[in-house]
Amino acid sequence: MLLLFFILPLLYMVWLSFHDGMPPASLTLENYLNVVTTDLYLRVVWRTTVLTVQTTALVVVLGYTLAYSMARFSKRTTLLLLLVILPFWTNYIVRMYALINIFSRDGLLDWMQLVTGLAQEPSGIMYTHTAVLLGLTYVWLPLATLPFYASLTNMDDNLIEAAKDLGAGPIETFFTVTLPMTKNGVIGGIILVAIPTFGAFVTPTLLGGTDQLMIGMVIENQFTEAFNWPFGSALSVIVSAFVVLMLLIAVKFGAGDVVTRRSDTQ
Amino acid sequence: MSVLQVENVRKEYDDVLAVEDASFAVEDGEFVSILGPSGSGKSTMLRMVAGFESPTSGDIRINGENVVGVPSFERDTNMVFQNLALFPHLTVAENIAFGLKRRGVGREEREKRIEDILEVVELSGYGDRDIDQMSGGEQQRIALARAIVNEPSIILLDEPLASLDRKLRQHMKFELQRIQEETGITFLYVTHDQEVAMSISDRMVILNEGSIEQKGSVQDIYDRPETRFVAQFMGDLNAVTGTAVDQSENTIEVEIDETAVTVPYDDTSAVSDGDTIDIGVRPSHADLVPPSNGGIMSGTVTNHIYAGDEMVYTVDIGQEVFQVETETDSFEIGDTVALTWDAEQTFLFNGGQNVSVRDEHAVQLEG
């Protein structure tokens with residue numbers, strides 16, 4: 001099963017990426033050279049990287065804050081958790097069209113900016129870097145909030161009291177105890193967000209269009225429109241390499257147990 | 001000046017009264033236990049001293065200064081938690097250093113103090129170990145070291161021995177006592193285990209349903225319990241119920257199921273004829289004799305077990321069963337026996353209050 005559905009397609013993809021056409025064709029490195037020598041593709045890889053870093057950072061800050069307030073201050077945790085998960089049960093495309101409505105000229109965002117006086121003219125933010133960033137953040141926020149929340153509730157509250165008892169103020173307690181104790185949840189959340197963001201193509205297509213090309217969009221284009229499967233495969237191999245790199249970094253940072261799903265606390 | 005003064009402290013949660021008008025004091029270098037059953041408010045009491053809870057009313061003074069409203073991280077107290085709450089992401093030495101770092105103690109001084117305290121708790125050389133490499137008893141000592149190293153005015157201990165097995169608890173009990181004596185730091189120890197509290201404390205505060213039942217030296221509380229609750233909580237107690245029928249100068253006659261029992265008693269104002277009286281007798285103060293030898297009451301042996309060098313008999317005396325610890329082993333189940341007890345060692349309870357306590361003996365510990 002593993003061989004048939006996971007390893008074989010992957011091997012076929014790698015094999016394909018070293019050909020100059022659909023097999024039987026001659027072997028070549030041209031597809032990879034093409035990526036690193038073409039300005040457009042380098043810019044796409046760079047933009048994808050920047051968006052991935054920004055999205056991940058935004059999701060971590062927002063998601064952790066959300067999870068922290070749910071875990072520490074709220075009495076209606078079940079209801080809040082439900083609200084966090086609810087978007088997952090809503091069709092992805094429907095959510096994207098909702099965002100388009102908000103981001104468009106004269107959309108909800110414009111209206112709010114006009115009402116609060118933040119902007120004088122309706123402009124909309126569709127097809128901008130910001131739109132893609134906000135869209136990706138919105139999509140992945142619930143996904144990262146859950147591991148954050150799980151690691152926070154797994155933590156023994158007495159540890160926080162112990163830190164305070166030993167003279168640490170609230171901020172010091174957070175950085176010396178809470179954050180290190182939930183490190184695995186944070187790394188898990190980062191992996192959950194960074195990997196799909198790097199390969200994202202639906203969100204950037206709908207919110208960014210051709211102005212905000214991401215690597216996933218180019219891959220999709222190569223397979224469905226340009227029919228240059230070997231080149232698409234080469235790009236896919238690059239994405240896969242990024243994923244493997246992320247996982248290796250995560251393991252290096254002592255999160256081997258995230259991958260093997262060990263509990264967060266002792 | 002007392003290290004800790006708790007004055008008329010009251011704590012309410014919504015509509016539950018957790019602590020009611022509690023007052024007591026702890027002197028410098030003392031080992032004081034707050035003893036009570038679960039739900040008696042003893043942990044709440046400790047958490048209010050630590051600063052994790054605020055009293056609804058009343059004052060808590062540490063070295064004379066009212067600390068109500070002062071957050072825990074600014075209080076001169078350190079707590080040893082029931083589950084220890086050691087930081088699993090830090091080593092043994094880093095755990096102990098945590099408080100010192102927060103207080104801005106320099107690196108050199110810190111290392112010296114950690115080394116010293118590791119020696120006191122007999123864990124020298126274990127500083128670089130991870131917490132989960134240490135055994136249960138070792139973790140207890142690390143938790144204690146983490147609190148003591150800061151040299152606070154008072155160490156608060158929330159039943160840290162409760163999770164240990166009996167043998168280790170016995171050992172840690174004496175360790176606690178040794179460490180407390182060696183460091184001279186004031187200990188306030190919360191527990192439901194009267195045996196532990198009695199063997200290590202200088203003084204005890206007995207808490208029941210949020211109120212202080214009694215406070216005083218261990219000896220005092222054991223020998224002169226002020227209430228039936230304290231007498232029963234401090235050790236096994238047989239209580240037989242009867243009616244006061246007659247009083248003379250130093251005795252009172254109590255009628256129990258048509259048997260008249262005379263008990264020494266010298267406070268004529270505390271009991272009126274007709275009051276319902278409980279006579280309390282500890283099993284170790286009672287004895288069994290053959291019925292032909294008289295005795296105070298008669299009954300039937302329903303059970304007997306060996307408990308080391310003595311026998312524990314269960315005797316059915318009609319209204320209740322009566323436990324007797326004695327060296328005699330000559331009675332069998334079903335035998336009719338006569339019960340006797342040391343009249344000077346009996347307690348007399350009228351409405352739960354011990355009226356056999358003589359005032360001059362009731363040494364009180366005022367807050």
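This is a predicted model: local features need pLDDT of at least 70, side-chain atom pairs count only at pLDDT 80 or more; totals for chains, interfaces and linings use all residues.
Residues are numbered from 1 along each chain as its sequence is written, chains are lettered from A in the order in which they are written, and side-chain values use heavy atoms, with hydrogens and water left out.

Chain A contains 13 helices and 0 strands, where helices are DSSP runs of H or I with at least four residues and strands are runs of E with at least two. Its C-alpha atoms fill a box of roughly 70 × 50 × 30 Å along the principal axes. Of its 266 residues, 42% count as buried, that is, under 20% relative accessible area with a 1.4 Å probe, protein chains only.

The contact (heavy atoms within 4.5 Å) takes 19 residues from chain A and 22 residues from chain B. About 1,800 Å² is buried between the two chains, and carbon and sulfur atoms give 61% of this area; buried area is the accessible area (1.4 Å probe) that two parts lose on being put together, summed over both. In chain B, the residues that lose the most area to chain A are B:Phe73, B:His89 and B:Arg102, together 31% of what that side buries.

Across this interface the rule finds 2 salt bridges, each a side-chain nitrogen of Lys or Arg within 4 Å of a carboxyl oxygen of Asp or Glu. B:Arg47 forms a salt bridge with A:Glu161, with the closest N and O atoms 2.6 Å apart.

How values were computed. Buried means under 20% relative accessible area, exposed over 50%, partly exposed in between (1.4 Å probe, protein chains only).
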